[in-house]
Amino acid sequence: MDTTQPTQGHPKGLYSLFFTEMWERFSYYGMRALLTIFLTAELATGGFGLDRAESLSVYGIFTALVYLTPILGGWFADKILGQRKSILIGGLVMAIGQFMLAAGAAGDLMGDLETRKNFFYLGLGVLILGNGFFKPNISTIVGDLYDNDDPRKDGAFTIFYMGINIGAFLSPFVAGTLGEKVGWPYGYLAAGIGMMVGVLWFYARRNTLEDKGLPPGYKEKGITQLVGKDWRDIILYTIGNVAFVFAVMFIWNNTSDLIHTIMVWILGIAGTGFIALSIFKGTNGSTEWTRVFVILILAFFNIVFWAGFEQAGGTFNLFAQENTDRVVGGFEIPTTWFQNINPIAIVTLAPLFSILWIKLAARKMNPRTPVKFALSMFIGAFAFFIMTQAQNSADAGNIVSPMWLVVVYVLLTIGELMLSPIGLSMVTKLSPGNITSIMMGVWMASFALGNYLAATLEQILETYDFSLYPFITVLMLISGVALLLLSPILNKFMKGIH
C-alpha cells in the first residue's frame with residue numbers, strides 16, 4: 001500500500017469512482033425501471049404492446065447479457081486497454097445506446113413499429129456491449145486502491161455500493177417519471193444524459209486515481225496518464241462497438257432460427273473455453289487454485305440469490321402495476337417509483353453495515369464471507385415467504401397494500417448488503433493478480449445467469465405447475481443451509497483471506 005495514504009479515511013480516488021458509478025447506475029436503472037412497462041404498454045400510448053411473457057423474455061435476455069459481456073471487457077482491460085480506457089469506452093458506448101432507445105421509443109421520429117423495434121433492440125445491444133467495458137473495470141480500480149489485508153477494503157466497497165444505489169434511487173424519480181408521465185423517449189434521454197455526466201466526471205477526476213487502471217506496461221515506463229494514442233483508441237473502440245452491434249443484428253435478422261441456435265452454441269462453448277483457459281493460464285500454485293475454487297463456488301450461490309432478487313425489475317414491477325393499490329391521498333404512485341425502495345434502503349443501511357463489519361472485526365467476531373452469504377440466503381427466503389402471501393391475496397382478487405412490496409424490497413436489500421459488496425471485495429482479494437478483471441467478469445457472469453433465471457423461471461415453473469415465489473423461498477432456504485455446511489471447507493480454502 002502507498003504509505004503516503006492516510007491509514008484512516010479513504011483515498012480521493014474512491015470518491016471519483018463513487019460518483020462515476022453513481023451516474024452510470026442512474027443511467028442503467030432509469031432504463032431498467034421503464035423497460036418492462038414500456039414493452040407491455042399499449043401501442044396507443046407509444047409502447048410496443050408485447051405480452052407479459054415476451055416482455056419478461058426481452059428483459060431476461062438483456063439483463064443476462066449485461067452481466068456476461070464484462071468477461072470480454074475484463075479481458076480487454078487486463079491484456080490491452082487497461083481499466084481507465086475501458087471505462088471511458090464503455091461509458092460513451094452506453095450513452096449512445098440510451099440515445100438510441102430514446103429514438104426507438106419516439107413514435108413520430110422512427111415511423112413504423114418494426115423499424116422502431118429494430119432500432120430499440122439495437123440500442124439495447126449497444127448498451128450491453130458498453131456495459132461490458134465499464135462494469136468489471138471500475139470495481140477492479142476500487143480494489144486496486146487498497147492492499148488485500150487493508151481493513152478499509154470491505155468498507156470501501158460498501159461506500160462504493162452506496163454510489164451505485166444513490167444513482168439507482170434518483171433514476172426512477174427522474175427517468176421513470178419522465179418516461180411514464182411525459183413521454184417514453186424523455187425517460188431514455190434522461191438516462192443517456194446521466195451517462196454522459198458520468199463520463200465527463202471520470203475524465204475530470206482522472207488525476208485522483210494516481211497510477212491505477214493504466215494500460216499494461218505504463219507503470220513500468222513511468223507513464224502516469226493516458227496519452228494521445230489512448231484517446232484515438234477510445235474513439236475507435238467506441239465506433240467499433242456500435243458498428244459490431246449493427247453487424248450482429250443485421251446477420252441475426254437475415255438468417256434462420258437454425259443459424260441462431262448454432263451461433264448461440266458456438267458463442268457459449270467458445271466463451272466457456274476462453275474463461276477456462278484464462279483461469280488455467282493465470283493461476284499458479286495450490287493457494288491460488290483453492291482461492292479461485294472458492295470464487296467459483298460462491299458464484300454458484302450468487303446465481304440463486306439474484307434469480308430471486310431480480311424479480312424486482314420483472315414480476316415485482318408488473319405486480320406493482322397490476323395488483324397493488326398505488327393511490328395514496330388521491331395521488332397515483334407511478335409504478336417505477338417502487339424501484340426506489342431498494343436504493344433508499346441501501347443508502348440508509350450501507351453505512352451501518354460498513355461500520356458493523358469494522359466493529360465486529362475489532363472484536364474478532366466478523367463472520368467469514370461464506371457465512372455472510374448464508375445469512376443473505378435466509379433473509380431472502382423470508383422475503384419470498386412474505387411475497388407468497390401477497391401473491392395469494394392478489395390471486396384471491398384483492399388489490400394489495402403497497403407495504404407488502406416495501407417490506408419485501410427492504411428484506412432483499414438487507415440480504416443484498418450481506419452478499420453483493422462483500423462478493424465484489426472477495427473477488428478482488430482472492431483472484432490471482434493478473435486475472436482479477438477476468439475473475440470479476442466470471443463473478444458478473446453469475447449475475448447474468450441469475451438475471452436470466454429471474455425472467456424465465458416463471459414460465460419454466462408453469463410447465464411443472466410450481467408457483468414462482470414459494471419455489472424461490474425453498475431454493476434460498478436450501479442454499480443457506482448448504483453454505484453453512486460448506487463454510488468450514490471454504491474458509492480453509494481461502495488460505496488466510498477473510
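Student: Before we start, where do the domain bounds come from?
Tutor: Domain bounds here come from an automatic or database domain assignment. Keep in mind too that this is a predicted model.

Student: OK, how is the chain divided?
Tutor: Into domain 1, covering 10-254, and domain 2, covering 285-497. Taken over C-alpha atoms, their centres are 22 Å apart.

Student: How many residues are in contact between domain 1 and domain 2?
Tutor: On the domain 1 side 46 residues take part, and they touch 52 residues of domain 2.

Student: And in terms of area, what do the two domains bury between them?
Tutor: About 4,500 Å², with 62% of that on carbon and sulfur atoms. In domain 1, the residues losing the most area to domain 2 are R52, Y67 and Y161, which together make up 16% of what that side buries.

Student: What about charges, how many salt bridges cross the interface?
Tutor: The rule finds one across the interface of domain 1 and domain 2. R32 pairs with E310 in a salt bridge, and their closest N and O atoms sit 2.9 Å apart.

Student: And how many residue pairs are in polar contact between the domains?
Tutor: Eight, counting pairs with both residues at pLDDT 80 or more.

Student: Which elements of domain 1 give two or more residues to that side?
Tutor: Helix 1 (12-40), helix 2 (52-81), helix 5 (113-144) and helix 6 (152-182). Helix 6 gives the most, with 17 residues. By type, the domain 1 side that touches domain 2 divides into 22 nonpolar, 16 polar and eight charged residues.

Student: Switching topic: is L417 buried or exposed?
Tutor: L417 counts as buried because its relative accessible area is 1%, and the cut-off for buried is under 20%. L417 lies in helix 15, residues 403-417.

Student: What is L417 in contact with, leaving aside neighbours within four places in sequence?
Tutor: Y161, I346, L349, A350, F353 and I422.

Methods:
Residues are numbered from 1 along each chain as its sequence is written. This is a predicted model: local features need pLDDT of at least 70, side-chain atom pairs count only at pLDDT 80 or more; totals for chains, interfaces and linings use all residues. Side-chain values use heavy atoms; hydrogens and water are left out. Contact means heavy atoms within 4.5 Å. Buried area is the accessible area (1.4 Å probe) that two parts lose on being put together, summed over both. A salt bridge is a side-chain nitrogen of Lys or Arg within 4 Å of a carboxyl oxygen of Asp or Glu. A polar contact is a pair of N or O atoms within 3.5 Å; within protein, one must be able to donate a hydrogen and the other to accept it, and residues adjacent in sequence count only if both atoms are side-chain atoms. Helices (H or I, at least four residues) and strands (E, at least two) are DSSP runs, numbered from the N terminus. Ala, Val, Leu, Ile, Met, Phe, Trp, Tyr, Cys and Pro count as nonpolar, Asp, Glu, Lys and Arg as charged, and the others, Gly among them, as polar. Buried means under 20% relative accessible area, exposed over 50%, partly exposed in between (1.4 Å probe, protein chains only).
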